[in-house]
Amino acid sequence: MLYNSTENKNEVVSASQAIAQGISKDGGLFVPQELPKYDLETLKSLLALDYKGIAKKVFGDFLSDFTAEEIDECVEKAYTVEKFGGENPAPIAYKKYNGNDVNILELWHGPTCAFKDMALQILPHLLTKSLKKTNDGKDAVILVATSGDTGKAALEGFKDVDHTKIIVFYPVDGVSPMQKHQMNTQEGSNVKVCAIEGNFDDAQTGVKKIFTTSEIVEKLESNNMMFSSANSINWGRLLPQIVYYIASYCELVNAGKINLGDKINVVVPTGNFGNILASYYACCMGLPINKFICASNSNNVLTDFIKTGVYDKNRKFYTTISPSMDILVSSNLERLLYKLSGDNDVTTKEWMTALKTDGKYEVTPEVKAAINSVFYGGYCDDKQTQATISEMYKEQSYLCDTHTAVAINVYGQYVSETGDNTPTVIASTASPYKFSKSVLTAVNDSEQLPDSEFDMVDLLNDITGVDIPAPLASLKDKKVKFTDTVKVDEMPEYVLSALGVD
């Protein structure tokens with residue numbers, strides 16, 4: 001299987017090159033030239049496999065220049081009981097919301113308590129093997145822009161990995177206190193963390209610019225280094241996410257919740273569009289999915305786009321209690337547009353250029369119709385988010401985080417509008433303890449809150465009895481290692497300095 005750029009079909013690379021490089025030279029994103037097809041017989045064969053077995057099958061179909069032994073090693077090292085607390089790293093909680101059954105896919109049982117672990121525990125293994133195949137001898141410099149969860153998950157995945165260095169940028173006022181503490185206390189001899197004066201979009205734009213600045217790239221090459229990415233622009237980040245949608249479908253069949261061949265709906269709280277795109281790719285492969293419900297917070301650029309066909313980032317930016325979704329430039333949407341436009345790299349590039357120059361673009365009526373046929377967009381504000389957390393706790397004794405609450409709320413909107421009672425999987429993307437203040441406010445009748453983040457964690461535990469994940473509990477006494485803050489235009493200089501490159 002080969003991959004090409006969404007903005008230049010002539011740039012064709014192997015799977016290992018796509019993973020090692022992260023982003024194409026022209027700034028486009030790598031996509032597979034074709035997708036494997038899973039018919040019902042294939043899906044039936046997966047019912048007997050555990051999560052690791054399904055992962056090995058999916059990876060094997062996409063990573064054609066990896067041996068079966070290499071894929072086996074990557075999967076076995078990534079999804080361990082020690083890292084995820086059980087044989088199944090992505091269990092389903094069976095609950096109800098507004099009288100409807102909801103299947104909450106818990107993707108946050110990994111070492112950083114966020115769904116990014118599902119991909120970022122295996123990406124370092126895929127990357128190091130890719131580097132040996134394509135750029136033997138070079139060290140990979142992993143540049144990451146994060147709205148909270150990707151940063152810590154990438155740091156944890158890449159810490160002390162041979163021949164890699166990782167630098168993470170995050171918006172100084174755009175992550176939760178727990179997310180910030182997770183990153184700034186990170187251990188590892190090859191890691192750097194820096195805040196920027198700006199929002200996530202500024203960080204993401206800054207990182208992309210560094211990637212494609214020839215002067216910086218040449219300086220790295222002369223020092224035997226090359227850039228790569230751990231953001232979901234890297235195909236090695238997106239591919240593992242396809243796995244858990246297929247695995248969740250198999251679990252629903254095995255649990256008797258659906259019959260093989262029945263369609264499901266998928267609800268994903270999303271900002272950068274990677275997680276929901278993975279479910280769309282799974283559907284294109286043959287997974288029976290009826291509707292993709294895209295859930296946003298007050299930064300509802302995706303909601304408006306799905307409804308109007310106009311993507312317009314020229315709007316007020318909101319800092320919300322679901323910060324991982326505080327994004328106005330959804331990078332992975334480019335991959336969807338490329339596919340829906342008939343793999344048209346020229347048109348896709350025109351839209352992306354318009355986004356950079358004008359801050360907006362409008363897709364063709366045909367692409368808009370294709371989106372509307374399978375996607376639904378909705379959003380809710382912070383007040384609705386907290387009300388949903390409270391409702392789920394009081395009625396279902398289920399504690400969810402602020403991002404999962406957005407998804408549940410938007411799902412309720414969808415059912416009210418459409419009456420569609422198709423069995424539904426809701427992606428739960430983080431532990432509630434990563435956003436303890438907001439969750440505590442939602443479930444605590446008293447207005448009095450402790451001052452300390454970790455005192456809030458303890459109080460939330462006292463009130464609900466929900467176990468504090470060990471990785472978060474252990475942070476309490478860790479010392480802060482990283483305190484740097486830079487302006488956006490200072491990011492290139494910071495990167496070169498951190499790498500010791502003149």
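Residues are numbered from 1 along each chain as its sequence is written, and side-chain values rest on heavy atoms, with hydrogens and water left out. As the model is predicted, local features need pLDDT of at least 70 and side-chain atom pairs count only at pLDDT 80 or more, while totals for chains, interfaces and linings use all residues.

Helices here are DSSP runs (H or I, at least four residues), numbered from the N terminus. Take α3 (residues 51-62) and α4 (residues 68-78) to begin with: they pack at about 140°, axes 10 Å apart, where axes are lines fitted to C-alpha atoms over the stretch in contact and angles run from 0 to 180 degrees between N-to-C directions. That angle makes α3 and α4 oblique to each other (under 35 degrees is roughly parallel, over 145 roughly antiparallel, 65 to 115 roughly perpendicular, and the rest oblique). On the α3 side, the contact (heavy atoms within 4.5 Å) is made by Lys52, Ala55, Lys56, Phe59 and Gly60, and these meet Ile71, Asp72, Val75 and Glu76 of α4. Sorted by class, these residues come out as four nonpolar, one polar and four charged; Ala, Val, Leu, Ile, Met, Phe, Trp, Tyr, Cys and Pro count as nonpolar, Asp, Glu, Lys and Arg as charged, and the others, Gly among them, as polar.

Next come α11 (residues 214-222) and α23 (residues 491-499), whose axes come within 12 Å and cross at roughly 5°. α11 is therefore roughly parallel to α23. Ile216, Lys219 and Leu220 of α11 touch Pro492, Leu496 and Leu499 of α23, a set with five nonpolar, no polar and one charged residues.

A cavity is a set of points on a 1 Å grid, over the protein atoms alone, where a 1.4 Å probe fits but cannot get out, and its lining residues have an atom within 4 Å of a point. The largest cavity has a volume of about 240 Å³, taken as the space filled by probe spheres set on points joined across faces, edges and corners. Its lining runs to 24 residues, with Phe115, Lys116, Gly271, Asn272 and Ser324 nearest the centre. Seven of the lining residues are nonpolar, 14 polar and three charged. The second largest cavity, at about 50 Å³, has Ala145, Gln204, Val207, Lys208, Ser229, Asn231, Ile233 and Ser331 around it. Helix α10 (residues 200-211) gives the largest share of that lining, three residues.

Key
Helix = DSSP H or I, 4+ residues; strand = E, 2+ residues; numbered from the N terminus. 1 Å grid on protein atoms, 1.4 Å probe; cavity = no way out; pocket = protein on both sides within 12 Å on 5 of 7 lines; lining within 4 Å.
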